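Good morning, and thank you for joining this group meeting. Please look at the sequence and the structure on the screen while I take you through them.

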Amino acid sequence: MVDDPRRRPVRAVRLRSVGDAELELQYRVVHGYRRAFRMAGEGPPLVLIHGIGDSSATWAELIPDLARTHTVIAPDLLGHGDSDKPRADYSVAAYANGVRDLLTTLGIESATLVGHSLGGGVAMQFAYQFPERTERLILVSAGGVGREVNPVLRLVSLPGAHLMLSSLRLPGMRLQVGLAVRLMKLLDTDLGQDAPDLLNLVDALPDETSRNAFIRTLRAVVDWRGQVVTMLDRCYLTEGMPTMLLWGDRDSVVPVRHAFGAHEAMPGSRLEIFEGAGHFPFHSDPTRFVSLVEEFTATTAPADWSRDHWRQLLREGGPGASRARGAERDLREASERSAT
């Protein structure tokens, strides 16, 4: 963790209970497509963005606690959960636009964004596209830092992925995969830490439409060589925006060394490592996760965006400055990937 001069004394908050009805899925039609989301609580807006193949349900156990002090909005991204799954653009930029449009329909002008995995990349993209609407960033095991990613995701990005995912739904396959998962946990492998959650993602793809949306999303960010998008070239733009990175030190999907790379590239960021946790630290230790989010939002002031400051950062804080900070190797690798 690094000291942040923008941290402020904890503000007084009024706690309130959250009813079951607030945690149920709600729906809005945006651009002709149904978007599912959960919304609960009162207070400063907090947007929870899930990862690939997941849904707002991944946050369900955390929402009641976070909603005591925040207005929590947890969308099902297009192509995921109970949202529509059209043949559409599933890039991180398109997802950032979708989050903006949903928040606009809900009357939310600015918010703190919490993004997990792919959702971390979407949150970072949102902050890049709409800095005036981003108060803080909390990136959880986020994609878009280094090329490395779990080999299984590289495999699924290849031709024939539809058949492979379909085969997992065949009778008997679920049992065999379950036995493999238990074996990995018994052997105390890093993948064993994440396997149950990753297996739940497979269960969330019950039909061809869901699998098509998943593969289109995956191929927008991963190919056979690894992650194909990067945020490293624009991390310097987070200067002046409170940013916290949360990572499990046994993450088998996005290695924890990516956390240190992002921390170095993001001026003034704060880094918190969850020991013994995998790719889903908010599942491994939800109490600590909620405590960190509440403390961070209570002790930091929202980003004070200005057009003049943004212009100055763009003119002076580009890749050359990052190289001077010792990130030449990472930027050389990033230059081989897509900067959306």
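Let me begin with a term: a residue is called buried when its relative accessible area is under 20%, exposed when that area is over 50%, and partly exposed in between, with a 1.4 Å probe and protein chains only. Helices (H or I, at least four residues) and strands (E, at least two) are DSSP runs, numbered from the N terminus.

The model is predicted: local features need pLDDT of at least 70, side-chain atom pairs count only at pLDDT 80 or more, and totals for chains, interfaces and linings use all residues. Residues are numbered from 1 along each chain as its sequence is written, and side-chain values use heavy atoms, with hydrogens and water left out.

I turn to the sheet. Two strands pair if DSSP finds at least two bridges between them. The open sheet has eight strands in the order β1-β2-β4-β3-β5-β6-β9-β10, with mixed pairing. At its edges are β1 (26–30) and β10 (270–274), each pairing on one side only. From one strand to the next, the twist averages 25 degrees.

Is strand β3 enclosed or open? Five of the five residues of β3 (residues 45–49) are buried, so this strand is largely enclosed by the rest of the structure. In a regular strand the side chains alternate between the two faces of the sheet. In β3, Pro45, Val47 and Ile49 lie on one side, Leu46 and Leu48 on the other, and all are buried. β3 runs parallel to β4 (residues 71–75), joined by three bridges, and there Leu46 has Val72 as its bridge partner. With β5 (residues 111–116), β3 pairs in the parallel sense over four bridges; here Leu46 stands opposite Thr112.

Further along, four bridges join β6 (residues 134–140) to β9 (residues 243–248) in parallel, with Val140 opposite Leu246.

Next, the interior. A nonpolar core is a set of buried Ala, Val, Leu, Ile, Met, Phe, Trp, Tyr and Cys residues joined through side-chain atoms within 4.5 Å. The largest such core has 56 residues, of which Val47, Ile49, Val99, Leu113, Leu137 and Leu139 touch the most other members. Apart from it lies another core of 24 residues, including Val114 and Phe274.

Finally, helix α12 (residues 286–299). Its buried residues include Phe289, Leu292 and Phe296. Thank you for your attention.

How values were computed. Axes fitted to C-alpha atoms, helices over the stretch in contact; angles between N-to-C directions.
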